[in-house]
Amino acid sequence: MHGTAIITLKTLIFALIALLLACQVFVIPAVAQQMVEKSTQLDYLQVPGIVVTVAFLLCVQVALVCVWRLLSLVRASIIFRVNAFRYVNFILGIVALATLLILGSFITLAVAGVASPSVIMLCALGIVIGSGLALMIVVMRGLLRKASKLEQDLAEVV
């Protein structure tokens, strides 16, 4: 991969992590407060909603840090080493956790009886995307494993 592309990707990852952090600190509490002001009966969901939303965004940030590390391995031409699998496996676990957070939120909102059709659709979309992303990471991990094996075999031949 070209060095400029890696630097550009890392810059975008840094910007995204910073924006997500700003959302966690400023936007999420403000939106939660506005929701409670509009619907006082949802007051008991404010703190759990903030915690789950911040945890979800933290999952995204951790996954982005792992992608950053994988880009560093690519730049150093050592992506096919064993330590790359640690980051891929961690990303897979984080995606699964984020999907479970969405599922838990959906169930909580449905049981509380406050899940509007748009919230139901967004949660369903999040669960489908999370599941699909997890399966895609499993496939990509298999490809990385196969490429690592091929590089090992080639190194033995040469």
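Predicted model: local features only at pLDDT ≥ 70, side-chain atom pairs only at ≥ 80, totals over all residues.
A residue is called partly exposed when its relative accessible area falls between the limit for buried, under 20%, and the limit for exposed, over 50%.

## Charged and aromatic contacts

Lys149 has a relative accessible area of 44% and is therefore partly exposed, and Asp153, with a relative accessible area of 31%, is partly exposed as well. The side chains of Lys149 and Asp153 meet in a salt bridge, with a distance of 3.1 Å from nitrogen to oxygen. Both Lys149 and Asp153 belong to helix H4, which covers residues 117-157, and they stand four residues apart, or about one turn of the helix. The count of salt bridges in the model comes to one.

A search for aromatic pairs across the whole structure returns zero. An aromatic ring does take part in a contact with a charged residue, however, since Arg86 lies over the face of Tyr87 at 5.1 Å from the ring centre, which is within the 6 Å required for a charge to sit over a ring. Arg69 lies in helix H2, and its relative accessibility of 34% places it among the partly exposed residues.

The largest pocket has a volume of about 1100 Å³. It is lined by 28 residues, of which Gly49, Thr53, Ser105, Leu109 and Val119 are the closest to its centre. At least two lining residues of the largest pocket come from each of the helices H1 (3-38), H2 (46-75), H3 (83-112) and H4, and the largest share, eight residues, is supplied by H2. By residue class, the lining of the largest pocket holds 20 nonpolar residues, eight polar residues and no charged residues.

The second largest pocket has a volume of about 870 Å³. Among the 31 residues that line the second largest pocket, Val67, Leu70, Ile91, Ile137 and Met140 are the closest to its centre. Helices H1, H2, H3 and H4 are the elements that give two or more residues to the lining of this second largest pocket, and H4 provides the largest share of that lining, with 10 residues. The lining of the second largest pocket divides into 27 nonpolar residues, three polar residues and one charged residue.

Phe106 is found in helix H3, and because its relative accessibility is 24%, it counts as partly exposed. Ser105 also has its place in helix H3, and with a relative accessibility of 24% it too counts as partly exposed. Ser105 is one of the residues closest to the centre of the largest pocket. Leu100 is likewise in helix H3, but a relative accessibility of 55% means that Leu100 counts as exposed.

The table gives the C-alpha separations for these residues.

| Pair | Separation along the chain | C-alpha distance |
|---|---|---|
| Phe106 and Val119 | 13 residues | 8.0 Å |
| Leu100 and Ile127 | 27 residues | 7.9 Å |
| Ser105 and Leu122 | 17 residues | 11 Å |

## A loop residue with positive phi

Most residues other than glycine have a negative phi. Ser77 has a positive phi of about 60° although it is not a glycine. Ser77 is located in the loop between H2 and H3, and its relative accessibility of 62% is over the 50% limit, so Ser77 counts as exposed.

Key: Residues numbered from 1 in each chain as written. Heavy atoms only, no water. Phe/Tyr/Trp six-rings, centres within 6.5 Å; stacked < 30°, edge-to-face > 60°. Lys NZ or Arg CZ within 6 Å of the ring centre and 35° of its normal. Salt bridge = Lys/Arg side-chain N within 4 Å of Asp/Glu carboxyl O. Buried < 20%, exposed > 50% of the residue type's maximum accessible area, 1.4 Å probe, protein only. 1 Å grid on protein atoms, 1.4 Å probe; cavity = no way out; pocket = protein on both sides within 12 Å on 5 of 7 lines; lining within 4 Å. Points joined across faces, edges and corners; volume = space filled by probe spheres on them. Nonpolar A, V, L, I, M, F, W, Y, C, P; charged D, E, K, R; others polar.
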